Amino acid sequence: MDAGFLKQGYSANDFASACRQFTDKFGALQSLVKYQHPGDLHWDDGKYQGDAYGAYAWAVYVAEVSVDMRTAEVRVEDFVAVQEVGKVINPILAAGQIEGGVAQGIGFALYENVVWQEGRMVNGQMTNYIMPTSMDVPPIRVFFKELPYARGPAGAKGIGELPLDGTAPAIANAIAHATGVDVCQIPVTPEKLMEMLEGVHA
């Protein structure tokens, strides 16, 4: 290597010039990095034992709901999701993961009532298993708090199913706050909420 490259105190322009000289002489600069799992974290997939996750992601969810006290129908009007997932590598894909999980969580909280009979699901058709449509999903405002995890790939922790985990409790708490009922069962269908309301006002 040219000894001139070893001098201290390079400016940004010096660095850019050196990069141009390198690529002119050797072609495009390439770098390949592969994440290596920390050696002191052990997971046995056969026994399902050990450190499955080196770190946990965290989130805060806030739902704003409206409740029709005559029909007991609930509508989610607004939803805020704040995520701490380490370093966000791809903001668009990460936000999409959150939005999809929240939409699924709205179905879990309000619509998707699985009915079992003798060990079989009896409402497994699109006509009798209700899921939220695009009209049932409110604006989902996603915010990230980045706290890079030093031992994760590029500082990431992961998102996975985290958005689904907190959505239903946020909606149930909002319903409880709006109506005064103790929501302890989901999905909160109009029929179930009507029974809860009747129990409160009995």
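User: Before we start, what do the numbers rest on?

Analyst: This is a predicted model, in which local features need pLDDT of at least 70 and side-chain atom pairs count only at pLDDT 80 or more, while totals for chains, interfaces and linings use all residues. Residues are numbered from 1 along each chain as its sequence is written, and side-chain values use heavy atoms, with hydrogens and water left out.

User: Happy with that. What makes S3 and S4 paired strands?

Analyst: Strands pair if DSSP finds at least two bridges between them. Strand S3 (residues 58-68) and strand S4 (residues 73-84) are joined by eleven bridges and run antiparallel, so they count as a pair. Strands here are DSSP runs of E with at least two residues, and helices are runs of H or I with at least four, both numbered from the N terminus. Within this pair, alanine 59 has glutamine 83 of S4 as its bridge partner, and glutamate 64 stands opposite aspartate 78. The hairpin has four residues between the strands, and alanine 72 takes a positive phi near 65 degrees there.

User: How do you know that S4 also pairs with S7?

Analyst: By the bridge count again: S4 and strand S7 (residues 140-144) share five bridges, in the parallel sense. One of the contacts is valine 80, whose bridge partner in S7 is arginine 141.

User: Why is the contact of aspartate 78 and arginine 141 called a salt bridge?

Analyst: The term asks for a side-chain nitrogen of Lys or Arg within 4 Å of a carboxyl oxygen of Asp or Glu. In this pair the closest N and O atoms are 2.5 Å apart, so the label applies. The partners are 63 residues apart, with aspartate 78 in strand S4 and arginine 141 in strand S7.

User: Is aspartate 78 buried or exposed?

Analyst: Buried means under 20% relative accessible area, exposed means over 50%, and partly exposed lies in between (1.4 Å probe, protein chains only). Aspartate 78 has 16% and therefore counts as buried, whereas arginine 141 is partly exposed because its value is 40%.

User: How many salt bridges does the structure hold, and which others can you show me?

Analyst: There are four in the structure. Among them, arginine 151 and aspartate 40 meet at 2.2 Å, N to O. That pair links distant parts of the chain, 111 residues apart: arginine 151 is in the loop between S7 and H3, and aspartate 40 is in the loop between helix H1 (12-26) and strand S1 (43-44). Another is glutamate 146 with lysine 87, where the closest N and O atoms are 3.9 Å apart, so this pair also falls within the cut-off.

User: What makes the span of H3 close to the expected one?

Analyst: The expected span is 1.5 Å times one less than the number of residues in the helix. Helix H3 (residues 162-179) has 18 residues and reaches 27 Å from its first C-alpha to its last, close to the expected 26 Å. Its buried residues include Leu162, Ile171 and Ile175. After H3 comes glycine 180, with a positive phi near 85 degrees.

User: Why is one aromatic pair called tilted and another edge-to-face?

Analyst: Rings of Phe, Tyr and Trp (its six-membered ring) pair if their centres lie within 6.5 Å; planes under 30 degrees apart count as stacked, over 60 as edge-to-face and the rest as tilted. The structure holds three aromatic pairs. Phenylalanine 22 and phenylalanine 26 are 4.8 Å apart, centre to centre, with 45 degrees between the planes, which is tilted. Both lie in helix H1, four residues apart, about one turn of the helix. Tryptophan 43 and tyrosine 48 have centres 5.1 Å apart and planes at 65 degrees, so that pair is edge-to-face.

User: Last one: how many disulfides does a search of the whole structure find?

Analyst: It finds zero, where a disulfide is a pair of cysteine sulfur atoms within 2.5 Å. As for individual cysteines, cysteine 19 is partly exposed because its relative accessible area is 29%, and cysteine 184 is exposed because its value is 69%.
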